Each structure stands twice: as C-alpha cells, then as structure tokens.
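Hi,

Here is the structure I promised to pass on. Have a look at it first, and my notes follow below.

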Amino acid sequence: MKKLKPLPSIYYKDFIAANQEDRADNLINTGSKRKDLELLRADIRTFKRTHALDKVIVLWTANTERFSELIAGVNDTTANLLRAVENNHDEISPSTMFAIASLLEDAPFVNGSPQNTFVPGVVELAMQRGVYIGGDDFKSGQTKMKSVLVDFMVGAGMKPIAITSYNHLGNNDGLNLNAPSQFRSKEISKRNVVDDMVESNSILYAKDEKPDHVVVSDLTCIN
Amino acid sequence: MSASILKVLSPNAEIRDDGCLYAEYVDEKCIVETNSTTTNTTTTGQHSVRVDRRKCELRTDLRVPKVGLMLVGWGGNNGSTLTASLIANRRGLSWQTRRGVQHANYFGSVMLSSTVKLGIDEKSGEDVYVPIKDLLPMIDPNELVIGGWDISSLDLAAAMQRAQVLEPDLQRQVTPLKNA
C-alpha cells in the first residue's frame with residue numbers, strides 16, 4: 001500500500017466544502033478545463049497501457065459536490081458541454097469532467113456521490129459513444145433500510161405519514177457534508193428514495209401527497 | 001477467474017464461435033389504456049390491458065476481460081479500504097481483532113456473497129440456490145488492477161491509517177503489500 005500513490009486530481013474549490021482545502025496538495029493546476037480534460041484522458045490511456053488492460057472502469061468515490069446549475073447552452077447538450085469545457089466555463093464540476101474524460105476514452109463511469117454529475121450533455125455523450133454511465137449515491141445503510149421498510153409497509157397497505165432517518169456520518173465525508181450546499185446534494189438524493197413507492201399507491205396517498213420526510217445528520221463522529 | 005457452473009439446456013440459447021452466449025428472449029409488457037376520473041381521494045377508471053410482445057436477441061460476452069478500476073478519490077475512506085480488502089482477499093490474510101482471528105472474505109458484497117434460486121431439484125423437489133457470481137463468467141475482484149486520482153498526495157498506506165477504518169493488525173500486514 002505504501003508504494004501506491006494517487007495521481008494528481010482536479011480541484012475546483014467552489015464545488016466542495018472549504019474545509020477540504022487542507023488536504024488538497026496533489027493537484028492538476030492548469031487553470032484550463034480543456035487542458036484538465038486532456039490530462040485526465042491521458043491518465044486513463046496510460047493506466048490501460050501500463051497494465052495491458054482490456055477495459056478500464058472509472059468510479060467516483062470522492063467528496064460530495066454541490067449541485068451544478070443546469071444552464072441552457074452550457075451543459076444541456078454534448079456539443080454545448082464540450083464547447084463550455086473549451087471556454088473554461090465555471091459551472092462544470094470536477095465529477096462532470098471525469099465523466100466526460102471517461103466517456104471519451106470508452107471507459108464506463110460510475111458515480112458514487114449524490115451530486116448531479118450526469119447533466120444532460122453527459123447523458124447524450126454516453127448514448128452517442130455507447131458507453132455505460134450509472135450510479136447515484138452509494139447506498140448501504142439508512143437509505144437501503146428505508147427503501148425496504150417503506151416498500152414493505154406501503155405494499156402491505158400501511159401508510160407511513162412521517163419518516164425521519166438518521167445519517168451517522170464519519171470522518172472526512174462528514175466533514176465535507178458539514179457545508180450546507182454539499183449536504184443539500186445528499187439530502188435530495190436520500191429523500192427521493194421513497195417517491196416510487198408512494199406514487200404506486202393512490203389509495204393511501206392522494207396525488208402530490210407524501211410522507212413528511214426528514215434526513216438528520218449526526219456529525220458527532222467527526223474527529 | 002470464476003467460470004460459469006451452468007449449462008443451459010434450451011433451444012433458445014447457444015454459445016457461438018465468437019465466445020458469446022446468444023439467447024432468444026420475448027420481452028412482454030402489459031400496455032394499459034385508461035379512461036379515468038379523478039377525485040380528491042382516488043383515481044378510478046376503466047383499464048384496458050393488452051400484451052405487447054417484442055422478440056429480442058440477448059448477447060452476453062462470456063470472455064472475461066482484464067479490468068482496471070480507477071477511483072476518483074482513491075485515497076479516501078472507501079478507496080483505501082477497498083484497496084486493502086482486495087489485497088487481503090487476494091493473499092488470504094488473517095488478522096487479530098479483539099474478538100479473535102478474522103479471515104478475509106467478501107461478506108457484504110451483493111455480487112460475491114448472495115445467492116439466487118435457480119430452480120428446483122429434479123429428484124428431491126428442493127430449492128436449488130447458486131451464488132450469483134457463478135451464473136456467468138465474471139470478473140474476479142482479486143484480479144482487478146486498482147489506480148486512480150486524489151487531491152491528497154498521501155500514499156495508500158497513510159490514507160488507510162487516516163481513514164481509521166481497518167483493524168491495526170490488518171493495516172500492519174497490508175502496508176508493505178502491493179496489488180498485482
């Protein structure tokens with residue numbers, strides 16, 4: 001493990017919590033998104049060649065970013081998105097940059113954080129190139145339990161009227177999510193989970209009626 | 001490398017020279033036309049249902065590629081724990097915990113630790129369950145090459161320490177080891 005060293009990564013300050021700046025000492029610092037994209041693509045190609053691989057898969061397991069604003073003419077189509085990269089547009093997140101680089105190198109890209117990496121321009125690019133993209137937030141705890149329990153209850157004709165779930169955060173993930181706009185990404189992703197079950201049952205829930213759903217985060221685990 | 005333990009006896013499935021499994025499959029969907037009235041509490045209506053059938057040919061490539069996984073945020077909690085886990089499983093490591101010896105395994109993984117019901121036994125009528133990972137030739141995680149990026153320059157041993165996830169004896173054992 002000692003000999004394994006991560007490649008320098010891109011860091012656009014505004015997208016993750018300011019408290020992450022302390023650990024950001026391994027950066028690609030070109031100042032140009034066009035150059036950043038070229039470097040990321042080259043990293044993928046080098047990795048594939050060095051290890052004589054048939055396939056590379058890229059997985060995002062980095063900090064939760066704030067949501068990207070969807071702007072017509074910027075990230076709504078592939079052509080606009082690639083032009084926005086050329087023009088160094090602010091509203092392209094690191095995760096979207098990694099997604100674009102992966103797709104252009106035919107590497108499937110899986111997202112593990114709840115931000116909106118897959119803006120319409122990325123989805124179109126994936127379809128154009130026939131390369132898989134997928135994923136939202138890694139779900140292994142409260143979200144999975146919630147999906148299963150609500151599915152059981154609604155399926156059995158019982159009506160949840162309020163859901164409060166506790167998200168026990170830890171370590172650096174918790175520290176990053178301490179910032180409101182990053183937490184908002186998490187909150188949106190976790191709350192959407194029960195929508196399908198609620199919409200499936202018009203006896204229990206009137207149109208647009210939903211359980212009162214609150215996500216509480218416990219940040220006391222941060223050291 | 002896991003090879004499939006299944007032999008599918010069916011006129012609709014065959015393995016061809018290109019190493020792919022071709023299966024004829026009919027996708028059926030129930031298409032509903034609704035003439036509805038909606039009140040405050042419920043929607044009632046006349047539902048007319050018909051079946052839409054679409055013939056598909058499913059192609060599954062049975063050749064397992066050599067795969068590399070690049071993690072964005074490789075030095076985080078997930079990345080460092082995953083890397084150590086792969087090394088531990090590849091080497092069949094065991095380590096001391098305060099509750100006794102723990103052996104490396106993939107418990108907690110849907111793909112590697114869960115089973116599906118295949119059918120019923122021809123003779124006994126009992127349910128037959130097989131591991132999901134044995135249904136088709138699949139990537140063996142112990143063969144994955146791991147790499148990636150991180151905004152922090154810490155090497156993976158230091159990152160694993162920073163994460164404070166794994167037992168000390170395991171951390172000690174994997175620190176000098178590298179993946180293949």
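Let me start with B:Arg53, which counts as exposed at 56% relative accessibility (buried is under 20% relative accessible area, exposed over 50%, partly exposed in between, with a 1.4 Å probe and protein chains only). B:Arg53 meets B:Glu28 in a salt bridge, 2.9 Å from N to O (a side-chain nitrogen of Lys or Arg within 4 Å of a carboxyl oxygen of Asp or Glu). The two are 25 residues apart, with B:Glu28 in strand 2 (residues 20-38) and B:Arg53 in strand 3 (residues 43-61) of chain B. Helices (H or I, at least four residues) and strands (E, at least two) are DSSP runs, numbered from the N terminus. B:Glu28 is partly exposed, at 48%.

A word on the source: this is a predicted model, where local features need pLDDT of at least 70 and side-chain atom pairs count only at pLDDT 80 or more, while totals for chains, interfaces and linings use all residues. Residues are numbered from 1 along each chain as written, chains are lettered from A and ligands numbered from 1 in the order written, and side-chain values use heavy atoms, without hydrogens and water.

Also in chain B, B:Arg172 and B:Asp169 form a salt bridge at 2.5 Å. Both sit in helix 4 (residues 168-174), three residues apart; B:Arg172 is exposed at 55%, whereas B:Asp169 is buried at 16%.

In chain A, A:Glu105 pairs with A:Arg45 in a salt bridge at 2.8 Å, and these two are 60 residues apart. A:Asp14, A:Arg66 and A:Glu91 are linked in a salt-bridge network.

Best wishes
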